[in-house]
Amino acid sequence: MTMASKGTLSFSEGVQEMVKTALTHMKLPEGVPESVVAGHSVLQVRFPVKLDNGHYQVFTGWRAVHSDHRLPVKGGIRFASFVDQDEVEALAALMTFKCAIVDVPFGGSKGGLIIDPRKHSVHELERVTRRFAVELVERGYIGPGINVPAPDMGTGEREMAWIADVYRGLYPTEIDHLGCVTGKPVTSGGIRGRTEATGRGVQYVIREFFRHPEDVKKAGLNGGLAGKKIVVQGLGNVGYHAAKFLSEEDDALIVAIIERDGVISNPKGIDVEKCRAWISKNGGLKGFSGGKHSPNGAKALEMACDILIPAALEKQITDANADRIKAKLIVEAANGPVSFEGDKILFKRGVTVLPDCYVNAGGVVVSYFEWIKNLSHIRFGRMDRRLDEMRGERIVHALEQITGKAVPDIVKRELVAGADELALVRSGLDDTMRNAYHEMRNVMKTNKKIKDYRTAAYIVAVQKIAHSKMEMGL
């Protein structure tokens, strides 16, 4: 997946400009806007690790804190060959605003390490991850009440488990040690639903959008989500789950999937599960029989479709290709897939964009649930699930007594079932994404000058952050 253009602004500068655009619609005391935009701190570390061949390699990594107006600060750790300090700082800033938009009481942080995980063995990755964790923990950049990482590109449950183990080794008497990271395996203090949380959140966002016919009409669309043609860029964790849920549960058509080696397209819809299995086995889309393959993935962003979901890298839609995008609705599942310049072009063309700072917040929402679980030392549903089941059974019994008829089994199962951890996580995520959408929508209704969701989202976030800072005396 090749970026169409880098644009004139860096990633972090683009984020700052988006915030500044929102600030032009707000009246805040002097000095407050600057405190909201400015980053707090960034740590750079370099450390050597012995590889399997006996040689040493020096790795460079960062952990940035954009705002600590709420503690702990929160944000993933990215392992990628192209990561740099500007990207880490930009992502940390996005986390600040993302948490505020969805009412998660965290500040924003992000981490990154220059490494290509595909070129290292599991043993090497473990040594590198543990050493990076030690560097961050010893400098106060990891801790359940200070800074809580999570998975990001190139990392997952495994790496989070290693980091948690490192923290426990350094602080063996810390009873809340599992809260030092989120996105852990369920068997190691994780929470059900976290792996697919970001993709599930994307689904809930699109569902909520289609609950508002007025908004759908403004985007040049009509009807419901069923049958809508969707192009997805990136079939990683986020793109895969979003595409899977939208196609299997909402009857949407995934007509194209863009990956590193091009695009696979099929106007009748692509079997997402089979496509993902093929990529896992063969390393790319080429040869997959479920559609037509083309090596030009970047061009596929310009395909005619109802919804485009960029779920890969930043700056995929820029001033170089924004005027050729044919999608009526763009849903930013990745961080920063539309550049600042590209966003202005899309706005002028009337293309509706649901912004990354809202769309992909599902991960941090469920991370928040996991963090609460770790601090409370009890899984969700443990105390009330059976109570709910008993209440349901009483309702069924009452209905049968009143009507003199047996309640159908399918209805009985729904009434009697008590909510388990996964059901509660999904309910909480759905509620959070809906509420955030309504907040953005209310901003646009209140101020008719604001006609795009991105500006509305940042206004929602800045208002909350500024209020918090002023309460604390900055």
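Buried means under 20% relative accessible area, exposed means over 50%, and partly exposed is in between, with a 1.4 Å probe and protein chains only. At 37% relative accessibility, Leu399 therefore counts as partly exposed.

Some ground rules. This is a predicted model, in which local features need pLDDT of at least 70 and side-chain atom pairs count only at pLDDT 80 or more, while totals for chains, interfaces and linings use all residues. Residues are numbered from 1 along each chain as its sequence is written, and side-chain values use heavy atoms, leaving out hydrogens and water.

Back to Leu399, which lies in helix 14. Helices here are DSSP runs of H or I with at least four residues, strands are runs of E with at least two, and both are numbered from the N terminus. Two or more residues of the patch come from each of helix 14 (385-403) and helix 15 (409-416). Helix 15 gives the most, with three.

Now the charged pairs. How many salt bridges does a search of the whole structure find? The count is 37, taking a salt bridge as a side-chain nitrogen of Lys or Arg within 4 Å of a carboxyl oxygen of Asp or Glu.

Arg441 pairs with Glu214, with the closest N and O atoms 3.7 Å apart. This one links distant parts of the chain, from helix 16 (residues 421-446) to helix 7 (residues 213-218), 227 residues apart. Arg441 is buried at 13% relative accessible area, whereas Glu214 is partly exposed at 44%.

Next, Lys244 and Glu273 meet at 2.7 Å, N to O. Lys244 is in helix 8 (residues 237-249) and Glu273 in helix 9 (residues 272-282), so the bridge ties together parts 29 residues apart in sequence. Lys244 is buried at 17%, and Glu273 is partly exposed at 33%.

In the third, the side chains of Arg454 and Glu332 meet at 2.9 Å, N to O. Arg454 sits in helix 17 (residues 453-471) and Glu332 in the loop between strand 12 (329-331) and helix 11 (340-349), so parts 122 residues apart in sequence are tied together. Arg454 is buried at 4%, and Glu332 is buried at 0%.

Finally, salt bridges with shared partners join Arg78, Glu87, Lys110, Asp152 and Glu314 into one network.
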